[in-house]
Amino acid sequence: MPDRHRSRVLLAVLTLVALVLITLDYREGSAGPIATMQRGALLVFGPVQEAFATAVRPVGNFFSGLAELDNLRADNAELRRDVEALRERLPSVANLERENAQLRSLLDMREQLELTTTGARVIGQPPGTPEFTVLIDVGANQGVESGMAVVTAEGLVGKLTEVTPRYSRVELLTSPRARYAVRLASSGERGLLQGQGARPFRLEILDPEAVVEANESVITLTFQASTIPEGLLIGETMREQGADSVSRFKAVQPYVDFTELSFVQVVLDAPNPPEQLNPDNMVRDEKPPEPAPLTSEPTAP
């Protein structure tokens with residue numbers, strides 16, 4: 001009981017002292033001794049309080065960060081999903097851009113050569129000879145026929161050998177059975193081109209004395225009963241080590257990349273010259289015969 005009494009007396013004394021100090025501070029304002037003591041205490045204990053706050057602040061930030069951790073995890077997961085979706089779209093966008101560029105090139109080629117064509121997509125290679133033939137998704141329903149030329153923007157791909165109502169087979173220039181009449185664009189020398197699979201084409205020059213340099217463009221040549229248009233690009237002659245420029249046989253590097261065929265054009269207006277001339281269609285020379293020259297007669301003496 002005495003201890004409890006002393007505690008009450010001490011509490012009353014401290015309360016009274018506090019009231020006295022508050023009253024004096026209020027009456028004296030900022031110029032009194034109590035205000036001066038407060039400013040001194042602030043100078044002494046201010047740095048200590050700031051250091052304590054600095055030390056305790058990371059702990060407070062840590063606990064506040066824990067509250068936001070779930071939100072950050074959810075945002076991170078959503079961002080990861082967005083990144084993966086973009087990564088999946090990038091190849092498709094690049095593929096669309098590549099296909100668009102190919103189609104534009106095909107249209108430009110058709111306009112330059114003034115050909116009537118129909119577009120087709122390469123849908124696969126039949127088993128057995130993957131480097132010699134491909135299948136395309138157009139057929140007789142689109143007006144194509146066997147023997148028609150198939151081209152890309154880079155040049156001649158081959159010709160149709162089998163046609164169904166919806167699909168067709170293309171024999172590529174790389175086929176060993178493929179043979180085409182060609183000529184050199186610069187010199188006009190004529191020759192016969194043959195496929196050799198994955199190797200460069202084999203060009204046989206008809207004139208054994210013709211001089212053929214490297215990097216000469218080889219183009220198609222229309223001949224009797226040909227279904228291939230004139231002037232389609234094929235490739236260029238190669239410089240072979242140890243080969244003579246007068247050699248009758250030359251290697252030709254194709255312009256077309258046959259390993260990356262995706263879109264092609266089938267030429268619908270191919271030439272179709274007759275194998276023989278019909279006598280009934282011969283154009284007669286209807287010009288009248290020229291009169292015989294006049295001769296002078298001798299006069300009598």
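Two strands pair if DSSP finds at least two bridges between them. Strands here are DSSP runs of E, at least two residues long, numbered from the N terminus.

This is a predicted model: local features need pLDDT of at least 70, side-chain atom pairs count only at pLDDT 80 or more, and totals for chains, interfaces and linings use all residues. Residues are numbered from 1 along each chain as its sequence is written, and side-chain values use heavy atoms, with hydrogens and water left out.

**Stop 1: the barrel.** Select β6 to β11. Six strands form a closed barrel in the order β6-β7-β8-β11-β10-β9, and the pairing is antiparallel. On average, neighbouring strands of this sheet are turned by 40° against each other, direction ignored. The axes behind that angle are lines fitted to C-alpha atoms.

**Stop 2: β8 and β11.** Now take residues 199–205 (β8) and residues 249–254 (β11). The two run antiparallel, joined by four bridges. Pick Glu204: its bridge partner in β11 is Phe249.

**Stop 3: Gln194.** Move to β7, residues 190–196, where Gln194 lies. Its side chain reaches the backbone oxygen of Pro176 at 3.3 Å. Now show its contacts (heavy atoms within 4.5 Å). Beyond neighbours within four places in sequence, Gln194 touches Pro176, Ala178, Arg179, Phe201 and Arg202.

**Stop 4: Arg169.** Go to β5, residues 168–172, and select Arg169. Finish with Val134: Arg169 and Val134 are 35 residues apart in sequence, yet 5.8 Å apart in space, C-alpha to C-alpha.

Note on methods
Axes are lines fitted to C-alpha atoms, for helices over the stretch in contact, and angles run from 0 to 180 degrees between N-to-C directions. A polar contact is a pair of N or O atoms within 3.5 Å; within protein, one must be able to donate a hydrogen and the other to accept it, and residues adjacent in sequence count only if both atoms are side-chain atoms.
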